[in-house]
Amino acid sequence: MPLTPVLTTRYAEERSWTIETYERTEGYVAWRQALGMTPDELVGLVKDSGLRGRGGAGFPTGMKWSFIPQPKPGETPTGPAAKPKYLVVNADEGEPGTCKDVPLMMADPHSLVEGVAIASYAIRCHVAVIYVRGEAVHAHRRVVAAVAEAYAAGHLGTDVHGSGYNLEVVVHAGAGAYVCGEETALLDSLEGMRGQPRLKPPFPAVAGLYGAPTVVNNVETLASVPFVVRGGSAWFKEFGPEKSPGPKIYSLSGRVVHPGQYEAPMGTTMRELLEMAGGVRPGHELKFWTPGGSSTPYFTAEHLDVPLDFDSVAAAGSMLGTTALMVFDETDSIVEATLRFTEFYAHESCGKCTPCREGTYWLVQILERLVAGRGTARDLDLLTDTCDNILGRSFCALGDGATSCIASSLKYFRDDYVALLPEDEQGRLGRSLRLEPVGAMA
């Protein structure tokens with residue numbers, strides 16, 4: 001289908017971030033429409049649309065909303081159903097290569113605010129918090145201004161548009177910890193504690209912010225909600241494949257002619273996106289790329305035609321993540337790039353669990369030896385062994401993500417690692433490889 005701007009439709013408008021521009025371009029129409037529906041109808045609509053979370057995991061949004069315990073008609077609420085409900089927006093965008101949420105908050109913050117209002121009404125909550133990454137100062141200011149404008153226009157506050165529904169929205173600036181992109185670490189940070197992941201279960205839907213039922217959604221996810229309400233689920237499913245429908249913002253960076261934001265239907269291939277971006281820089285060839293940021297396994301030129309949706313990318317051996325498409329060509333060292341990513345994860349590890357705290361530190365040491373030409377043949381096995389001791393054993397997904405680039409780089413470009421070894425180590429490695437079949441038979 002031809003490209004049709006949806007999420008980015010207002011980006012080219014003059015002063016696109018103001019409420020005047022937003023309301024002139026059908027802004028807050030969906031909010032008024034939602035107030036004429038029941039919360040259950042809204043949850044059902046979002047379920048039917050097939051909208052999946054745009055923060056990385058791809059969990060069905062409507063299903064997440066439906067997990068919030070609600071009191072049954074005619075019954076006195078007890079347990080979690082009797083507690084207040086909260087909506088928390090994860091605007092703590094910090095993954096290397098990821099740059100979709102901050103531009104959205106800069107160019108069209110009211111789409112987020114309207115999505116927050118609709119989602120809050122759907123889950124019957126009266127307090128919503130937008131947690132913005134602290135370093136994104138300009139984005140934080142834009143969202144604060146947009147919330148103030150929404151209050152002044154009567155879209156937020158007490159008795160919104162005479163509906164009897166009350167909603168307070170708070171914008172909170174985080175301290176800049178990557179781990180706070182993990183939903184429970186974000187909740188701890190909001191409560192004034194050090195941002196560290198919580199043990200699950202209980203999940204946030206039962207015991208989240210202040211121990212009450214909470215939905216945590218990504219910026220792009222909530223910005224999609226007004227379009228779902230206005231256009232309907234059938235319209236939304238016209239974009240992309242059946243199991244991963246809707247428009248999507250793809251972030252292209254690195255060795256491309258025109259890096260930037262590209263909105264396209266879910267399921268668009270990297271080959272198509274590269275064509276939009278003018279291709280790899282002239283005179284060079286694609287070597288490897290990330291489909292969803294540094295925490296996702298690398299792809300190569302053989303994966304250019306993989307549809308970029310959650311299921312197709314997973315079937316090909318990686319993750320769609322945040323659709324941060326970083327492009328590298330033949331001049332880039334995959335070992336050095338992997339070292340840079342690993343240094344980031346070692347620095348951002350919260351230190352709560354041993355596999356991640358110690359494992360990422362040792363991964364950096366090994367990669368530094370290899371890049372400096374002081375590595376040994378044993379270091380390649382040690383890299384794999386260390387990754388195996390982190391993967392699936394860390395407290396949250398940060399540790400798992402740190403192993404992705406290493407494991408996939410060894411899978412596709414092991415020769416690049418071997419080329420960095422001293423000559424005597426390369427010879428030793430060659431001898432061990434030749435002897436391996438005999439040892440296996442023994």
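Q: Which residues lie nearest the centre of the largest cavity?
A: In this predicted model, S349, C350, C353, C356 and C396 lie nearest the centre, out of 13 residues that line the largest cavity. A cavity is a set of points, on a 1 Å grid over the protein atoms alone, where a 1.4 Å probe fits but cannot get out, and lining residues have an atom within 4 Å of a point. The model is predicted, so local features need pLDDT of at least 70 and side-chain atom pairs count only at pLDDT 80 or more, while totals for chains, interfaces and linings use all residues. Residues are numbered from 1 along each chain as its sequence is written, and side-chain values use heavy atoms, with hydrogens and water left out.

Q: What volume does that largest cavity have?
A: The volume of the largest cavity is about 70 Å³. A volume here is the space filled by probe spheres set on the points, and grid points are joined across faces, edges and corners.

Q: How does its lining divide by class?
A: The lining of the largest cavity has eight nonpolar, four polar and one charged residues. Ala, Val, Leu, Ile, Met, Phe, Trp, Tyr, Cys and Pro count as nonpolar, Asp, Glu, Lys and Arg as charged, and the others, Gly among them, as polar.

Q: How many cavities of 30 Å³ or more are there?
A: The count is two cavities of 30 Å³ or more. The second largest cavity holds about 30 Å³ of space, and L3, T4, F239, P247, E263, A264 and P265 line it.

Q: Turning to helices, at what angle do α15 and α16 cross?
A: The axes of α15 (residues 377–390) and α16 (residues 397–418) cross at roughly 160° and come within 9 Å. That makes α15 roughly antiparallel to α16. Axes are lines fitted to C-alpha atoms, for helices over the stretch in contact (heavy atoms within 4.5 Å). Angles run from 0 to 180 degrees between N-to-C directions, and those over 145 degrees count as roughly antiparallel.

Q: And where is P201?
A: P201 is in the loop between α8 (183–190) and β4 (214–218). The peptide bond from K200 to P201 is cis, with omega near 0°, and a cis peptide bond also joins P201 and P202, with omega about 5°.

Key: Helices (H or I, at least four residues) and strands (E, at least two) are DSSP runs, numbered from the N terminus. Angles under 35 degrees count as roughly parallel, over 145 as roughly antiparallel, 65 to 115 as roughly perpendicular and the rest as oblique. On a 1 Å grid over the protein atoms alone, a cavity is a set of points where a 1.4 Å probe fits but cannot get out, and a pocket is an open set with protein on both sides within 12 Å along at least five of seven lines; lining residues have an atom within 4 Å of a point.
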